[in-house]
Amino acid sequence: MKIALIVNPLIPVPPRQYGGIERIVYMLIRELMKNGHDVSLYASGASDPGCRLIGYRESEVYGIGDFLKINLLTSRIAFQGFDIVHTFGRMSNIALLMPARIPKIVSYQLPPTVSQVKKAMKIAYPETLRFTGCSDYISRQIAGSAKVTTIYNGVDLSDYHFNTGLPADAPLAFLGRIQQEKGTAIAIRVARAAGRRLVIAGNIPAEPHHQQYFEKEVRPFIDGDQISYVGPVDNLQKNELLRNSAALLMPVTWDEPFGIVMAEALACGTPVVGFNRGAVPEVVTHGYNGFICREEYEMAAAVRQLSKLSRHSCREVAENKFSAAVLAGQYEQLYLEAANRH
């Protein structure tokens, strides 16, 4: 098949550090090309995806000029022999393609604006527009307005090294943006309550309220002994952190749409201990590859039960549910179904 993939151009594909969607798209490209498909990517000109790249840009503050310029670019897809167009970016950037007969797939990695989904369905050529959600939590929000399929995010298992030989005092890990919604301060309190070391990794967003959160709720507890902060990490550093951790803490205070870091941890054999928010219960099976908690004290108690979990079971879940091959196979099947209707 000849496939056009689109991602917002603010972060290159693959990303250097932060960039979950861009990492998923890069992984999907590699798997699709391995299976013999002809793939073109519309993304940041700084990308190096290993396929045909059509670089484009948008302003820091997206406006009508960006809408018009990008739609003039993407509308040409309808005349270039593509079998399908699949966007992980703004749905508005394929607005001019909606009336065309080419099959279109829009993937949501964040909660959708349902009114926009309904508008798109009204202007799209009949039976040409489908949606995916990165979790059932996301898909359920679309299901009443359009045809939607859940396809979980995943990881390239070769990037994450399975590890079972951990010492009894192996640290816990927190990996993600350092901000209130991700629960960094909660992770610190949980580690202290459980008497465990914690390694924190991730970037501190530039917005003042995130900086203030770090200075008031996180920095005062970093002692370089029980609580350490190592800053942003690249893929190699991430692998080393996760494979050498007793568990990944996910004390999110918002409804996490998926949380790729959970799949990355499982690929290393590292269980996940998280709050019952968003897609966490879709990734974590309580008592099998981690624990699902409601309160901080439950999370601290769960940390004390980590020895009951099998790291082999964690890796098995990653292989069977969240691998690159599984993800690409599900998208490939969706492409074929969509293309065969036209």
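What follows is a chat about selected features of a predicted model.

Visitor: Helix packing to begin with. How do the axes of helix 1 and helix 12 cross, and within what distance do they come?
Guide: The axes of helix 1 (residues 20-34) and helix 12 (residues 324-340) cross at roughly 75° and come within 9 Å. That makes helix 1 roughly perpendicular to helix 12.

Visitor: Which residues make the contact?
Guide: Helix 1 contributes Ile24, Met27, Leu28, Glu31 and Leu32. From helix 12 come Ala324, Ala325, Leu327, Ala328, Tyr331 and Tyr335.

Visitor: And by class, what does the contact of helix 1 with helix 12 have?
Guide: There are 10 nonpolar residues, one charged residue and no polar ones.

Visitor: Next pair, helix 8 and helix 11. What are the distance and the angle between the axes?
Guide: The axes come within 7 Å, and the crossing angle is roughly 125°. Angles from 65 to 115 degrees count as roughly perpendicular and those over 145 as roughly antiparallel, so helix 8 and helix 11 are oblique to each other.

Visitor: Which residues meet there?
Guide: Ala263, Leu266 and Ala267 of helix 8 meet Cys314, Arg315, Val317 and Ala318 of helix 11. This contact of helix 8 with helix 11 has six nonpolar residues, one charged and no polar.

Visitor: Switching to charges. How many salt bridges does a search of the whole structure find?
Guide: The search finds 12. One of them joins glutamate 337 and arginine 130, with the closest N and O atoms 3.5 Å apart.

Visitor: Where do glutamate 337 and arginine 130 lie?
Guide: Glutamate 337 is in helix 12 and arginine 130 is in strand 6, so the pair ties together parts that are 207 residues apart in sequence.

Visitor: Is that arginine 130 buried or exposed?
Guide: Arginine 130 is buried, at 7% relative accessible area.

Visitor: What other salt bridge does glutamate 296 take part in, and at what N to O distance?
Guide: Glutamate 296 pairs with arginine 189 at 2.7 Å, N to O. Glutamate 296 belongs to helix 10 (residues 296-303) and arginine 189 to helix 5 (residues 184-194), so this pair links distant parts of the chain, 107 residues apart. Glutamate 296 is partly exposed at 29% relative accessibility, and arginine 189 is partly exposed at 39%.

Visitor: What does glutamate 215 pair with?
Guide: Glutamate 215 forms a salt bridge with arginine 219, and the closest N and O atoms are 2.9 Å apart. Glutamate 215 has a relative accessible area of 38%, which is partly exposed; arginine 219, at 44%, is partly exposed as well.

Visitor: Now glutamate 256. Where is it found?
Guide: Glutamate 256 is in the loop between strand 11 (247-250) and helix 8 (260-267). Its relative accessibility is 5%, and it counts as buried.

Visitor: What is glutamate 256 in contact with, leaving aside neighbours within four places in sequence?
Guide: With that exclusion, its contacts are Tyr137, Lys182, Met250, Arg277, Gly278 and Ala279.

Visitor: What is the phi of glutamate 127?
Guide: Glutamate 127 has a positive phi of about 65°, although it is not a glycine. Glutamate 127 lies in the loop between helix 3 and strand 6 and is exposed, at 54% relative accessible area.

Visitor: What about threonine 128, buried or exposed?
Guide: Threonine 128 is buried, at 3%. Threonine 128 is in the loop between helix 3 (114-123) and strand 6 (129-133). A polar atom of the threonine 128 side chain lies 2.6 Å from the backbone oxygen of tyrosine 125.

Visitor: Last one, threonine 74. Where is its place?
Guide: Threonine 74 is in helix 2 (residues 64-74) and is buried, with a relative accessible area of 1%. Leaving aside neighbours within four places in sequence, threonine 74 is in contact with Ile6, Asn93, Ile94 and Leu97.

Visitor: How far is its C-alpha atom from that of alanine 4?
Guide: The C-alpha atoms of threonine 74 and alanine 4 are separated by 9.4 Å, while the residues are 70 apart along the chain.

Technical notes:
Residues numbered from 1 in each chain as written. Predicted model: local features only at pLDDT ≥ 70, side-chain atom pairs only at ≥ 80, totals over all residues. Heavy atoms only, no water. Helix = DSSP H or I, 4+ residues; strand = E, 2+ residues; numbered from the N terminus. Buried < 20%, exposed > 50% of the residue type's maximum accessible area, 1.4 Å probe, protein only. Polar contact = N/O pair within 3.5 Å; in protein donor to acceptor, adjacent residues only side chain to side chain. Axes fitted to C-alpha atoms, helices over the stretch in contact; angles between N-to-C directions. Parallel < 35°, antiparallel > 145°, perpendicular 65-115°, else oblique. Contact = heavy atoms within 4.5 Å. Nonpolar A, V, L, I, M, F, W, Y, C, P; charged D, E, K, R; others polar. Salt bridge = Lys/Arg side-chain N within 4 Å of Asp/Glu carboxyl O.
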